[in-house]
Amino acid sequence: ENAPGQTVVAGAREAVEAIGAKCKELGASFRELRVSHAFHSPTLDPVLPHFRECLEKFIFASPRLPIISTHTGKRLEADVDWRAYFLRQMRGPVLFAQALAQAWQNGQRTFLEIGSFPVLSGLARQSFPAGAELIASAKPPEDGLLQFCQAAGNLQCSGVAVKMAALFGENPEAPAALPPLFTLSFSLSPFPGALAAGGGLLGTSPSSDPAAAAAAAAAAAAA
């Protein structure tokens with residue numbers, strides 16, 4: 001289950017098509033997903049022995065951070081058998097919605113999707129009530145580095161202590177030309193990310209720059 005009312009069925013084509021026909025008969029929406037393999041289904045059984053051999057080459061350690069499994073929908077124990085776990089995860093169903101519900105129950109409100117396209121963020125948005133902060137590390141075709149910096153900034157504004165030095169180094173060199181996003185001045189008010197009423201583009205004033213004036217006016221009206 002990926003989201004409330006959205007479930008993926010994987011397996012042999014004949015079986016999946018039969019389920020699709022039944023869904024249409026009952027008036028439920030059904031569409032075929034274009035994928036290379038029927039992941040998380042019995043069709044992957046032939047590759048499990050080779051996958052097990054690959055897992056034997058790795059040394060696993062206890063996680064330093066809590067992990068909520070999309071295989072069980074619950075928090076993993078520290079002494080989990082990782083090889084057996086990944087074999088089950090590859091073969092078994094994905095309980096993405098249940099894992100999100102567990103994270104929300106645990107008090108998590110900020111979520112970062114690490115991937116090449118923000119697919120899971122859209123599904124998560126359907127699972128959470130208002131108040132969840134969903135941040136994507138990449139949004140093609142936007143510039144990858146710029147989007148990564150935006151994600152780090154959004155995390156910081158959401159109250160996450162981002163280790164900027166680990167991302168950019170202790171003394172990162174200033175770029176020759178900063179993108180427009182980073183030329184705005186912001187005020188650290190009780191509402192993180194709110195534009196200060198007197199803020200404008202660096203080197204300008206609201207009165208001399210039309211865009212800055214409009215932004216300042218909007219901020220002042222909302223204050």
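I began with serine 41, which is buried, at a relative accessible area of 1%. I kept in mind that this is a predicted model. Next I looked up where serine 41 sits: it lies in the loop between helix 1 (13-25) and helix 2 (48-55). I then listed its contacts, leaving out residues up to four places away in sequence, and found Ala10, Gly11, Met90 and Arg91.

Overall layout. I counted 8 helices and 2 strands in the chain. Read from the N terminus, I noted the order of elements as α-α-α-α-β-α-β-α-α-α. The chain has 223 residues, and I found that 21% of them count as buried. I also checked contacts between residues at least 6 apart in sequence: 45% of these join residues at least 24 apart.

Helix 2 and helix 3. I noted for myself that a packed pair of helices is described by the angle and the distance between the two axes. For helix 2 and helix 3 (residues 82-91), I found axes that come within 10 Å and cross at roughly 145°. I recorded the crossing of helix 2 and helix 3 as right-handed. On the helix 2 side, I listed Leu48, Phe51, Arg52 and Leu55 as making the contact. On the helix 3 side, I listed Arg83, Phe86, Leu87, Met90 and Arg91. Sorting the residues of this contact by class, I got 6 nonpolar, 3 charged and no polar ones. Met90 and Arg91 of helix 3, which take part in this contact, are also among the residues that serine 41 touches.

Helix 5. Which residues of helix 5 (residues 119-127) are buried? I found Ser121, Leu123 and Ala124. These residues lie on the same side of helix 5, because they cover an arc of only 165° around its axis. I then asked what the buried residues of helix 5 pack against. I noted helix 4 (96-105), strand 1 (110-113) and strand 2 (133-136) as their partners.

Cysteines. How many disulfides does the count give? I got 0 disulfides, with the rule asking for a pair of cysteine sulfur atoms within 2.5 Å.

Terms used. Residues numbered from 1 in each chain as written. Predicted model: local features only at pLDDT ≥ 70, side-chain atom pairs only at ≥ 80, totals over all residues. Heavy atoms only, no water. Helix = DSSP H or I, 4+ residues; strand = E, 2+ residues; numbered from the N terminus. Buried < 20%, exposed > 50% of the residue type's maximum accessible area, 1.4 Å probe, protein only. Contact = heavy atoms within 4.5 Å. Axes fitted to C-alpha atoms, helices over the stretch in contact; angles between N-to-C directions. Left-handed = near helix turned anticlockwise from the far one by under 90°. Nonpolar A, V, L, I, M, F, W, Y, C, P; charged D, E, K, R; others polar. Arc of directions from axis to C-beta.
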